[in-house]
Amino acid sequence: MSRSRLTRWSAASVAAIAALVLAGCGGGSSGGDAAAPAASDAERAACVDAANRFLADWGALPTALPASPPARYTNVTAPVPPGKKIAYLSQGYPADKTTSEAIAAAVAKVGWTSQTYIYDSTVPDLQAKFQTALETKPDYIGLSGFPAAAIQKQIDAAKEAGIGVILASVTDQPAGPTGLAATVNGTDTAQLIGRIHANKVLSDSGCNAKVALFTMDYPILKVTDDAFQAALTEKCPACTVKVTALQPQDLGTPKATAQMMAQLQADPSLKYAYTEIGNIANGLAQALKTGGLEDVRIFGEVPDEASYAALRNNTNAWWVDQSSLTNGYDIVDAAVRIAATGQPQTDAGGYPLALLTPENVPGGTGIPTIPANLLDLYSATWRPAS
């Protein structure tokens with residue numbers, strides 16, 4: 001698969017959102033307990049070879065934005081209006097805080113401003129904070145993870161007020177330049193991430209893996225989870241995946257780590273822990289070491305500072321750099337293009353991704369941007385050629 005065909009961000013939901021959009025799609029076991037026929041050595045070798053061919057395009061870190069098309073990162077053709085404002089609705093966990101910081105950095109490139117409103121990951125508080133943001137009359141309102149169904153009343157109010165809503169890490173489609181005006185980091189990217197992880201597990205395990213998948217009940221994460229399981233079991237019928245749903249309010253707490261450890265200790269044959277986003281994995285490597293399960297391989301997407309540090313010290317196996325920084329840049333990119341064109345912005349795929357391992361992770365501390373000048377690459381497309 002060519003890097004020019006990068007497609008899709010991500011993102012636990014509470015019972016309210018499950019009732020809205022995930023009927024019948026909770027946690028539990030998926031294909032993890034049924035016996036499967038053992039593959040022959042030749043079949044496993046062919047499986048590994050196919051996985052390695054898929055991964056060949058992911059060996060080097062990207063140095064540019066993905067090619068357009070399919071990505072939308074062509075230069076805008078009209079001046080970007082100055083003085084616009086983006087309100088961002090952020091959940092309490094660190095990855096979303098990083099997205100809000102990235103939005104602030106990106107809007108400064110075009111002389112805009114931003115304001116962040118923090119909610120507690122529940123639908124009622126999201127709706128309340130959305131209403132608060134509406135009252136300040138921004139030009140755009142952005143958020144990540146929750147689908148339009150959870151906030152349709154508020155989206156309708158935004159449309160009436162002439163405000164564009166930009167949703168990241170969702171499966172929805174925009175309807176016009178106001179109301180639901182853009183989606184970014186969506187379905188195509190979610191599916192691609194699932195396939196990357198599946199092929200990496202196949203290659204790493206010799207096509208003989210049992211995976212514990214620790215996820216959350218956001219629709220976009222289910223897209224990734226389904227793609228991962230389909231790609232894994234298609235090539236490796238003997239491979240299994242056991243799914244456990246976590247709650248967003250538990251991220252970064254001993255409760256989430258205890259849930260994961262209980263699953264891994266109950267079945268020592270689970271050697272891969274797919275921790276979905278970086279905040280889920282926090283504390284797991286140390287708990288595995290204490291529990292004598294250091295051979296469990298931790299991986300996921302949306303890495304946080306601890307995830308990068310764990311790659312650098314070789315206690316995590318790999319991460320897809322579906323960066324929360326990039327998520328913020330992409331929200332601003334969509335807003336800029338709406339402002340310049342007056343047109344809604346459909347997620348065209350081509351979201352910037354990288355496959356990070358202990359061998360290629362950038363050095364230093366904190367969260368790197370990949371490429372290092374990524375915000376400059378974005379902002380260069382926001383200035384029409386003279």
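## Aromatic pairs

Rings of Phe, Tyr and Trp (its six-membered ring) form an aromatic pair if their centres lie within 6.5 Å; planes under 30 degrees apart count as stacked, over 60 as edge-to-face and the rest as tilted. Searching the whole structure gives 11 aromatic pairs. One of them joins phenylalanine 228 and phenylalanine 299, which are tilted, with 6.2 Å from centre to centre and 50° between the planes. Phenylalanine 228 belongs to helix H7 and phenylalanine 299 to strand E10 (residues 297–301), so this pair ties together parts that are 71 residues apart in sequence. Helices (H or I, at least four residues) and strands (E, at least two) are DSSP runs, numbered from the N terminus. Both phenylalanine 228 and phenylalanine 299 are buried, where buried means under 20% relative accessible area, exposed over 50% and partly exposed in between (1.4 Å probe, protein chains only).

Tyrosine 272 and tryptophan 318 also form a tilted pair, at 6.4 Å centre to centre and 50° between the planes. Tyrosine 272 is in strand E9 (residues 272–277) and tryptophan 318 in strand E11 (residues 318–320), so the pair links parts that are 46 residues apart in sequence. Tyrosine 272 counts as buried because its relative accessibility is 6%, and tryptophan 318 is buried at 0%. Phe228, Tyr272, Tyr274, Phe299 and Trp318 form one aromatic cluster. The charged end of lysine 200 sits over the ring of tryptophan 318, 5.8 Å from its centre; this requires NZ of Lys or CZ of Arg within 6 Å of the ring centre and within 35 degrees of the ring normal.

## Basis of the model

This is a predicted model, in which local features need pLDDT of at least 70 and side-chain atom pairs count only at pLDDT 80 or more, while totals for chains, interfaces and linings use all residues. Residues are numbered from 1 along each chain as its sequence is written, and side-chain values use heavy atoms, with hydrogens and water left out.

## Helix H7

Threonine 224 lies in helix H7 (residues 219–235) and counts as buried because its relative accessibility is 1%. Apart from neighbours within four places in sequence, threonine 224 is in contact (heavy atoms within 4.5 Å) with Ala190, Ile193, Gly194, Tyr274, Glu276 and Glu301.

Alanine 227 is also placed in helix H7 and is buried, with a relative accessible area of 14%. Not counting residues up to four places away in sequence, alanine 227 touches Gln191 and Gly194. The C-alpha atoms of alanine 227 and arginine 195 are 6.1 Å apart, although 32 residues separate the two along the chain.

Most residues other than glycine have a negative phi, and most peptide bonds are trans. A cis peptide bond joins proline 69 and proline 70, with omega about 15°. Proline 70 is in the loop between helix H2 (41–55) and strand E2 (85–91). The bond from isoleucine 370 to proline 371 is cis as well, with omega near -5°, and proline 371 lies in the loop between strand E12 (355–356) and helix H13 (374–380).

Cysteine 207 is not a glycine but has a positive phi of about 55°. Cysteine 207 is in the loop between helix H6 (187–205) and strand E7 (210–215), and is buried at 4% relative accessible area. Asparagine 314 has a positive phi near 65° and is found in the loop between helix H11 (305–312) and E11. With a relative accessible area of 54%, asparagine 314 is exposed.
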